[in-house]
Structure formats: structure tokens, C-alpha cells
Amino acid sequence: MKVTVLGAGIIGVSTAWHLLQRGHEVTLVERQPDAALETSFANAAQISVSYCEPWANREAPLKALKWMFSPTSPLLFRPQLDPAQWRWGLQFLAQCNDAAFERNVAQLVALGSYSHAALKDVVRETGIDYHRLERGIAHFYVDQKSFDGAAGAAELMGRFGVKRRVVSRDELLRIEPALASYGDRIVGGTFTESDESGDARVFTQQLAALCAARGARLLFGHDIEQIEVAGGAVTHVRVRSRDTGVLTALKADATVVACGSYTTPLLARIGVRVPIYPGKGYSATLPLLEPERAPFVSMIDDSRKIALSRLGNELRVAGTIELGGFDLSLDTPLARKRCEMLVRRIEEVFPGVADTRLPAEGGNPRFWTGLRPATPTNIPLIGRLPVKGLWINAGHGTLGWTHGAGSGKALAELISGERPAMAFGFHGFEADTRLPRAARAQASLSPGS
């Protein structure tokens, strides 16, 4: 078939790759001059199957209310005069209970495990080098009450086949000696040996180049003007070159929308509403001053809800979610406070290891922000839309890198008439006709329902 894929982040490029693997003719459209220059550009760099947890849980509403008054809180809800934000918020609140949490975890972990295997297959086949570290992910706690709850989280992941284990402070320091200078404040942690880290941008751009080498048509620097629909089916997609202004009509047997947070406004133009809302996340990438003292194990700091990963001779720290629309500014007082919090925390935990000077002090922390496309369940929408020939692969929230390879493979399988081998409720499909009988209970909450 001829397939047009809209969006060249990790999700769109992975979809294109797996479609090419199945013999389809692919056109990949992206408004930026290269792949992975938006949401996939500078994320936390973690492949974290053991942290495939939804934001919505029974404690989330109270925490979100408390965090509204802190400019550096992990999750900041900034009320807007936007019906979509409030609609999303109400749907999110409906997921803040134990039954929904477990249901959602089941699907997120299933997709995470499937995706990790798919990523390994792609790396094995292509040999892409992206600062990959297979050293696991450690989660450290400085608060005893929070650490006391770690066993429950590890046990939940264990039920879905993920070996996330609780470790003492001493064992954690043996796993990652770089924590030694901060060790007296750590009360314990968890560790998942099977998780890993790497640069999503580097991976995605190299995979896009390989797509081109396999015959994909890459239309980078092209704005998506409109998906044209007639008689309940896609007729073509209008795209315009940013360089020349030339308008092109792309006709295909299938069109995939993988535009992250911008999936929502694009589909709204043709009357299709999806529950995806942008969550603004931040990161800082810091040059290492003392590489021999820097960590190799990727980590999660529970107290700040931030992640950090080593990428060669740099350290990436990322975190916080801000629900306030499509704002991408980095120069507001709020954005500066959130960025500076990331850098200060690195200096607290790893003093002197990285160059944590702010720009005003002569440093170059390379601050970045991107919009994480989140559904209320945090389960991405992977499947078909009610318009014939139109498919979706979006809504991955903070797990786009973790779920990218598998999401692309799964959608390519669906478009090809195959059945992905995991317990997951695909959008636009009846769960009980797509999944093995034993898995139906786990997939009972379809993001399309």
C-alpha cells in the first residue's frame, strides 16, 4: 500500500520504518528540517518499562491541588479558558482510582515490554549508535514515607513481569557509586536492571535516514495544511513546502497522524475529537566536568520527580509537567524557575560533576522544552479513526521514547492486517476481537472508549 505518515518524531519515524519493513510505500511528512526536532529532541533519554505508570492515581487530585501553588512542582495545572483543558481534566479525574490505575498500568506495561523488544530488534538490525547504556534505571528516595511505598510499586510491576526490586541505600550506592557524596540523604531505592537509556533524537534521526535509504519519501520542511475528506474517507493530504511555498496533494491508501500534541487540532479540522492534551516538559543538557565521577546508571529522583541520564560526555536532566496549553516559551519567569530547579538539583546530588552554571554565570546548560501529548489514562491512541483510511499513533505522554518502537511496529501490523502480540486495547478496534482471551481483562479499558 501507499502510506502517508504525518509527523517525524520517534513515533512517526518508527511507524514509517516498520511499514517499510512490511513492503509498503511510505511518505513521511515533517514541518521541521529534520526528524525529532520537537518532542523527541531532548527528553529524559530513558527506556523505562518499569515506570510505565499513569499520572492518574488516587493521590493525584490532592497533590495537583497542592502543587498549583509551587512554580517548581512536578505537575502544575495552569487553568486556561480552554474547554479542551477542562474536558481533559475531568476525564483525568475519572481515572484517579485504584481500579483504573491497575487497568491502565496493565496496558502501559504490555506496550512497554513489547516496545523494548521491538527496539532491540531495530538496533540489532541497523546498528544505530545513540549513546545507549544498558545499565538499568535506579529510583532513589530521600523521604522514608515515600520509600515505604516503593515495595507496593515494585510488587505491582512484578505482577506484569517487570523485575523492579527494592534496594537498600548501601546496595544502591554499590549499583551507582556516583551517588556517594549524596548518600547520607538517601533512605533507599528501587532498581530495574532490564531498563536502559539513550538519546532519542540521535536514534530517530538515524532511523529516518535509514527509512530514506530504503525508499521512503521524506518531505521535511513541509506544513500539513489539511486532511481532505469526502464521503467519509480521506481523499488526500495537502502539504506546503516552507522553502518554496509549493503545495502538494498526497494521495495514499492509508494516512497516519503521528503529530504528538498537534494531533488534536489537526484532527479537529475534520471533526474528529481525540482526548490528547499537551503537557509542557523541561530538560537541561549539561557538559561533564569530571566524567569519571558522573553516573552511568540512569536515575529517577523521587523527591523532584525528575530523571537524569548520561549521554556520552553530557548529563541530561528532565522533568516536570505543566498543563497550560501549547506554550513553548523558555523565557518567562515560571519557565526560568523550572529550568533552574533542574540544574540546582544536579549540583546538589552530584556536586562539581557537571557544569551547572546558568547562562548569566557563563554556563551553557542548553535548556529545552517540549509538549508531551497526554491522554487522561496515559494510554496512547494506536489504531484507526472513524474516517476511512485514517489512522492514529499519538498520545504517548512522557513515555514516547519507551513506547516508540513498539507503537510504530504495532500500527504497521494493524495497517497490514496483522494482530500485534500484546494485551492492549487498540483505538477503533474491539478489544475482545483483537486480543487473546486471557488478556481481555487487562485490556478492558480501551483509550478509544
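User: Leaving aside its neighbours within four places in sequence, which residues is Asp 355 in contact with?
Analyst: Those are Leu 286, Pro 287, Leu 289 and Gly 363, where contact means heavy atoms within 4.5 Å. This is a predicted model, so local features need pLDDT of at least 70, side-chain atom pairs count only at pLDDT 80 or more, and totals for chains, interfaces and linings use all residues. Residues are numbered from 1 along each chain as its sequence is written, and side-chain values use heavy atoms, with hydrogens and water left out.

User: Is Asp 355 buried or exposed?
Analyst: Asp 355 counts as buried because its relative accessibility is 10%; buried means under 20% relative accessible area, with a 1.4 Å probe and protein chains only.

User: Switching topic, where is Ala 200 found?
Analyst: Ala 200 is in helix H8, residues 200–213. Helices are DSSP runs of H or I with at least four residues, numbered from the N terminus.

User: And what does Ala 200 touch, its neighbours within four places in sequence aside?
Analyst: Ala 200 is in contact with Ser 40, Asn 43 and Trp 401.

User: At what angle do the axes of H1 and H11 cross?
Analyst: Roughly 40°, and the axes of H1 (residues 10–21) and H11 (residues 400–415) come within 7 Å. That makes H1 oblique to H11, since angles under 35 degrees count as roughly parallel, over 145 as roughly antiparallel, 65 to 115 as roughly perpendicular and the rest as oblique. Axes here are lines fitted to C-alpha atoms, for helices over the stretch in contact, and angles run from 0 to 180 degrees between N-to-C directions.

User: Which residues meet there?
Analyst: Among them are Ile 10 and His 18 in H1, and Trp 401 and Lys 409 in H11.

Note on methods:
Helices (H or I, at least four residues) and strands (E, at least two) are DSSP runs, numbered from the N terminus. Buried means under 20% relative accessible area, exposed over 50%, partly exposed in between (1.4 Å probe, protein chains only).
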